[in-house]
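I opened this notebook to record what I looked up about the inner spaces and the core of one protein model. The sequence and structure come before the entries.

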Amino acid sequence: MEFAVLNTDGAARAGRLELAHGAVDTPVFMPVGTYGSVKAMSPAELEEIGAEIVLGNTFHLWLRPGVEVIGAHYGLHRFMGWPKPILTDSGGFQVFSLESLRKVSEEGVKFASPINGDRLLLTPEESIRIQCALESDIAMVFDECTPHPATEKQAASSMGLSIRWAERSKREWERQPANANALFGIVQGSVYERLRDESLAALTDIGFDGYAIGGLAVGEPKETMFRILRHTAPQLPRAQPRYLMGVGTPEDIVAAVAAGIDMFDCVLPTRNARNGWLFTRWGDIRLRNARYRDDIRPIDESCLCYACRNFSRAYIQHLQRANEILGARLATLHNLFYYLTLMRELREAIAARRFDEYASRFASDRARLAAEKD
């Protein structure tokens, strides 16, 4: 992996990430492909709308179809027909979400499979072995996602465990033969600045190819999330990529880019699309609202995606209300196109040193629909 910061404007950065399966321009949004597929989208469609990297889910791919099946295809790229870079998460967040089914220990996490109830153990070593078998371009250390709320004592204990797991992840990663992927560390520490500082210091001592901020957007107030983000992001190593995990809305992304973040993933554009919640330059549209039943305008008149160039709000609402698969596909295509366009415009604004101007116009544009409704 090679990474270079090409342009800056304040704390905002535009760069290029060179990986085994191609180059990625940052800031970048990574569509989420949990089971080796970005829901409702083909790999060809993702390439067409400008996606440069997608996220795969180690935990779910381990459970099904299994590492052996994917290994027979020589990795996840060939299995899912995606030629460009892939980042895989470690599975830590997924076992975090199985609260009633898991038991955390120093060894790892024992849990009951949500598929068939089998008793399983996921350790830092196993997570890395799975990710190397998947041949993702970027692997993540196995960590414990601290729940919210947590006392400082609870958060410190969780963060300490994540550091020890990060050390084990790095050792296992170094043991893997013919390893072409990069390995990122994950800064934990909940909502406590002191713990975030301790976590980052320990991770940089271990040494990773990039650094992520984890454990945010797990239920804490938005202002708390941004307080921790603004405290932590500037301290991440400048020469390496910075990744904010699981965030978020367009507004969240612009604010995080302003703080110096390079990489993002979130299920919002795909999940919301399937529920009729569409993102536009002018604000969000709840497409299943009755007011759009006979609306002949496109989703967003300024958008150049296939859905906006060819179909009306009324038609896509009809498809969704009739549970036609095309309704989910068109909405997903639009939302991802919007997110990827936002990232391109952010890169261009940083390169032109007009980021603040862009962010101000972005905020006023996004408020337009809300103002019209009022």
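I took helices (H or I, at least four residues) and strands (E, at least two) as DSSP runs, numbered from the N terminus. The model is predicted, so I noted that local features need pLDDT of at least 70 and side-chain atom pairs count only at pLDDT 80 or more, while totals for chains, interfaces and linings use all residues. Residues are numbered from 1 along each chain as its sequence is written, and side-chain values use heavy atoms, with hydrogens and water left out.

Entry 1, the cavity.
I worked on a 1 Å grid over the protein atoms alone, where a cavity is a set of points at which a 1.4 Å probe fits but cannot get out, and a pocket is an open set with protein on both sides within 12 Å along at least five of seven lines; lining residues have an atom within 4 Å of a point. Grid points are joined across faces, edges and corners, and a volume is the space filled by probe spheres set on the points. I found one cavity of 30 Å³ or more, and the largest cavity holds about 40 Å³. Its lining includes Gly92, Arg102, Asp143 and Trp165. Helix H5 (92-96) and strand S8 (102-104) each give two or more residues to this lining, and H5 gives the most, with three.

I recorded a volume of about 830 Å³ for the largest pocket. Of its 36 lining residues, Phe93, Gln94, Gly246, Asp265 and Val267 lie nearest the centre. Helix H11 (268-274) supplies the largest share of the lining, four residues.

H14 provides the largest share of the lining, six residues.

I used nonpolar core for a set of buried Ala, Val, Leu, Ile, Met, Phe, Trp, Tyr and Cys residues joined through side-chain atoms within 4.5 Å, buried being under 20% relative accessible area (1.4 Å probe, protein chains only). In the largest such core, of 112 residues, Ile138 and Tyr243 touch the most other members. Helix H14 (residues 325-351) contributes the largest share, 13 residues. Leaving aside residues up to four places away in sequence, I listed the contacts of Tyr243 (heavy atoms within 4.5 Å); among them are Met30, Leu55, Phe184 and Asp265.

Conventions. Buried means under 20% relative accessible area, exposed over 50%, partly exposed in between (1.4 Å probe, protein chains only).
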